[in-house]
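I opened a new notebook page for this structure. My entries follow in the order I looked things up.

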Amino acid sequence: MLLLHQARNRPKASKKPSAAPPKIGLAIAGGGPIGGMYELGALRALDEALDGLDLTRLDCYVGVSSGAFLAAGLANRMSTAEMCRIFITGTSDDVDFRPETFLRPAILEYLRRASNLPRLVAEWWRELLFSPGEARWADLITRFGGLVPTGLFDNSEVERFLREVFERRGRSNDFRELGRPLYVVAVDLDSGEAVRFGGPGWDDVPISRAIQASAALPGLYPPVQVRNRHFVDGALRRTMHASVVLERGVDLLLGINPLVPFDNSATPQRGAERDPLGLAGGGLPAVLSQTFRTMLQSRMEIGLAKYAQQYPDVDQLVFEPNADDGELFFTNLFSFSSRHRVCQLAYRNTLADLHKRADTLRPLLAAHGIRLRDEILDDPHRSILDGLDVPPRMTETTAKLRRALDDVDQVVAAQRAERRARR
């Protein structure tokens, strides 16, 4: 599903070489590992279907939770093809992805919490013996609530994985060395304040640490401590934090949100008869998932409508799953075994959205120097695996050399454009 807000006062595309190129920003929401895989599939579709769009050289990036890694990867000039080889096909010679890295139990957190049990039990019995009138059973929840771990999984290994990815082959784990703005948003647990890592005063925090904090979904991962402050998932404040990109003066905003409420009024899923209880028949997990998705999407739609008024000169394109994608709704958010299927679903959904709205999108995208590739959109059998041929194996040295040559090509192209503008 494509949410489209067209600029009311979009300037006409200029054919003069002296015209400043349009500025394009990307905002990627969260959604757990499966949400990240959906976003990767959507990004791959945009990469292939939009001629003139280089996702690794946009003017601004903002990422939340799982979307923060994709945003940071693109800002580090990791192509969508390479990220697909890492997470989908496993044919990358660069990164060895192991799903268990993201699902390791937080043993130390369990032990630390459990170590408080003897003290709490002793205090409770002391009150029962000496102050029975003050000891109430209702206080048990408050008193012993501190024994419950703040997260099921250990995210320290996630940070280590990200650090290793960003510290080799010419990439950087430092916001200040990227050459283009990247923002990773997390929320201060004690104040509720949204913090933009990569922004003023927070750009010295390693990118891997910022992503770890932004992806610390309460209950699943423990809060992440940075400068004696504890941070959790950035989606607690806003779904996509698109305003971070819009404030940079972009002309075109591209956004991806993988979590939308499921429309259960469609045909029965998985070939089974409809449960008379609806989604409630799926128990608490289904109810919580639907509630969470509804809240996130509603909040985002309100924000986009407001941004359309605040930034009338900006075109906004936000890609989401279809409301009747039951396959996506019923897939475990942490089921890495489903990542290929979810990526393919996102890939085909995004191509279908572009194809369906092609007549509207052609002039809009042309104003930003982008053309739709009809040969991609018109192919009903195209798969996300197409175009993922394994490149020649590279060493650390050859990877850095290739990156440097790419930089030289960009500089030469910019100089040529400047010379043409002077003539």
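Why is strand E9 (residues 252-256) largely enclosed by the rest of the structure? I found that 5 of the 5 residues of E9 are buried, so the strand is largely enclosed. Buried means under 20% relative accessible area with a 1.4 Å probe, protein chains only. Strands are DSSP runs (E, at least two residues), as helices are (H or I, at least four), numbered from the N terminus.

I noted that this is a predicted model, where local features need pLDDT of at least 70, side-chain atom pairs count only at pLDDT 80 or more, and totals for chains, interfaces and linings use all residues. Residues are numbered from 1 along each chain as its sequence is written, and side-chain values use heavy atoms, with hydrogens and water left out.

Next I looked up the directions within E9. Leu252, Leu254 and Ile256 point one way, and Leu253 and Gly255 point the other way. In a regular strand the side chains alternate between the two faces of the sheet.

Then I checked the partners of E9; two strands pair if DSSP finds at least two bridges between them. Strand E2 (residues 24-28) runs parallel to E9, joined by 5 bridges, and Ile28 stands opposite Ile256. Strand E10 (residues 315-319) is also parallel to E9, with 5 bridges, and Asp315 in E10 stands opposite Leu252.

Last, I turned to helix H7 (residues 156-166). Its buried residues include Val158, Phe161, Leu162 and Val165. The buried residues of H7 pack against helix H2 (66-75) and helix H8 (207-214), where contact means heavy atoms within 4.5 Å.

Notes:
Buried means under 20% relative accessible area, exposed over 50%, partly exposed in between (1.4 Å probe, protein chains only).
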